[in-house]
Amino acid sequence: MAQLAAAANERAGTRAAIARAQAGDYGAFDTLLEPRIEPLLRVATVIVGNDADARDATQNACVQAWRELPRLRDPDRFDAWLGRIVTNACRTILRQRRRQVIRELPIESLGETALGGSVVSTRPSLDGLGEQDALDRAFDRLHPDARAILVLHHLEDRSIAEIAGVLGLSSTTIKWRLVVARRAFRRALEVEWR
């Protein structure tokens with residue numbers, strides 16, 4: 001019961017902060033962003049490939065969110081709405097930059113989870129750096145949408161429903177795209193491990 005009450009109080013506090021921010025209170029907006037910046041930055045880093053571009057995408061998303069906040073209709077969907085803005089800002093950065101990037105976040109766990117046992121057990125033995133480079137290059141081969149879905153599901157541990165909310169798609173579409181993204185990642189790894 002205490003947890004439910006705490007969650008209800010937190011939602012009420014978030015709604016109040018959103019209402020103040022929608023009225024132009026930048027301090028309230030800053031309060032909303034503070035606990036969300038690090039997770040958003042992690043997602044952006046994995047999608048765009050480096051810290052500098054991730055910071056740019058996150059900053060652009062925050063500016064966009066501030067501008068669009070008065071039009072947010074459902075305060076309970078704030079996190080999904082903000083996540084969608086960050087994902088779109090990452091797509092914009094990738095379209096603008098169109099260059100090869102060096103991955104800075106380790107994605108070993110993504111490789112293990114996305115592949116399951118079959119490919120992992122048959123891959124050649126690589127040293128730690130070679131394996132990480134292969135994972136990074138394989139991940140770089142993916143379309144930004146596939147990167148986003150894999151990152152949100154495997155690194156951020158978000159549910160299918162949460163990802164659907166962030167990306168503005170149905171849960172069925174997310175399930176299908178997750179399967180497709182895993183297959184694409186598996187194929188890209190097979191290419192890298194040849």
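This is a predicted model: local features need pLDDT of at least 70, side-chain atom pairs count only at pLDDT 80 or more; totals for chains, interfaces and linings use all residues.
Me: Which residues line the largest cavity?

Reply: The lining consists of Leu40, Val43, Gly83, Val86, Thr87, Leu152, Arg158 and Val166. Two elements, α3 and α5, each give two or more residues to this lining. The largest share, three residues, is from α5. By class, five of the lining residues are nonpolar, two are polar and one is charged.

Me: What volume does the largest pocket have?

Reply: A pocket is an open set of points, whereas a probe in a cavity cannot get out. In this model the largest pocket holds about 270 Å³ of space. It is lined by 15 residues, and those closest to its centre are Asp79, Ala80, Arg158, Glu162 and Val166.

Me: Which elements give two or more residues to the lining of the largest pocket?

Reply: They are α3 (37-48), α5 (78-97) and α9 (160-167). Helix α5 gives the largest share, five residues. Sorted by class, the pocket lining has seven nonpolar, six charged and two polar residues.

Me: Now a single side chain. Is arginine 147 buried or exposed, and what is its nearest side chain of opposite charge?

Reply: A salt bridge needs a side-chain nitrogen of Lys or Arg within 4 Å of a carboxyl oxygen of Asp or Glu. Arginine 147 is buried yet has no salt bridge, because the nearest side chain of opposite charge, aspartate 140, is 4.3 Å away. Arginine 147 belongs to helix α8 (residues 144-155). Beyond its neighbours within four places in sequence, arginine 147 contacts Val46, Ile47, Val48, Leu94, Phe139, Asp140 and Leu142.

Me: What is the relative accessible area of tryptophan 66?

Reply: Buried means under 20% and exposed means over 50%. Tryptophan 66 has 29%, so it is partly exposed. Tryptophan 66 sits in helix α4 (residues 51-68).

Me: Which residues does tryptophan 66 touch, leaving out those up to four places away in sequence?

Reply: Its contacts are Ala21, Gly24, Asp25, Tyr26 and Phe29. For aspartate 30, which is 36 residues apart from tryptophan 66 along the chain, the C-alpha separation is 9.7 Å.

Key:
Residues are numbered from 1 along each chain as its sequence is written. Side-chain values use heavy atoms; hydrogens and water are left out. Helices (H or I, at least four residues) and strands (E, at least two) are DSSP runs, numbered from the N terminus. Buried means under 20% relative accessible area, exposed over 50%, partly exposed in between (1.4 Å probe, protein chains only). Contact means heavy atoms within 4.5 Å. On a 1 Å grid over the protein atoms alone, a cavity is a set of points where a 1.4 Å probe fits but cannot get out, and a pocket is an open set with protein on both sides within 12 Å along at least five of seven lines; lining residues have an atom within 4 Å of a point. Grid points are joined across faces, edges and corners, and a volume is the space filled by probe spheres set on the points. Ala, Val, Leu, Ile, Met, Phe, Trp, Tyr, Cys and Pro count as nonpolar, Asp, Glu, Lys and Arg as charged, and the others, Gly among them, as polar. Lys and Arg count as positive and Asp and Glu as negative; His and the chain ends are not counted.
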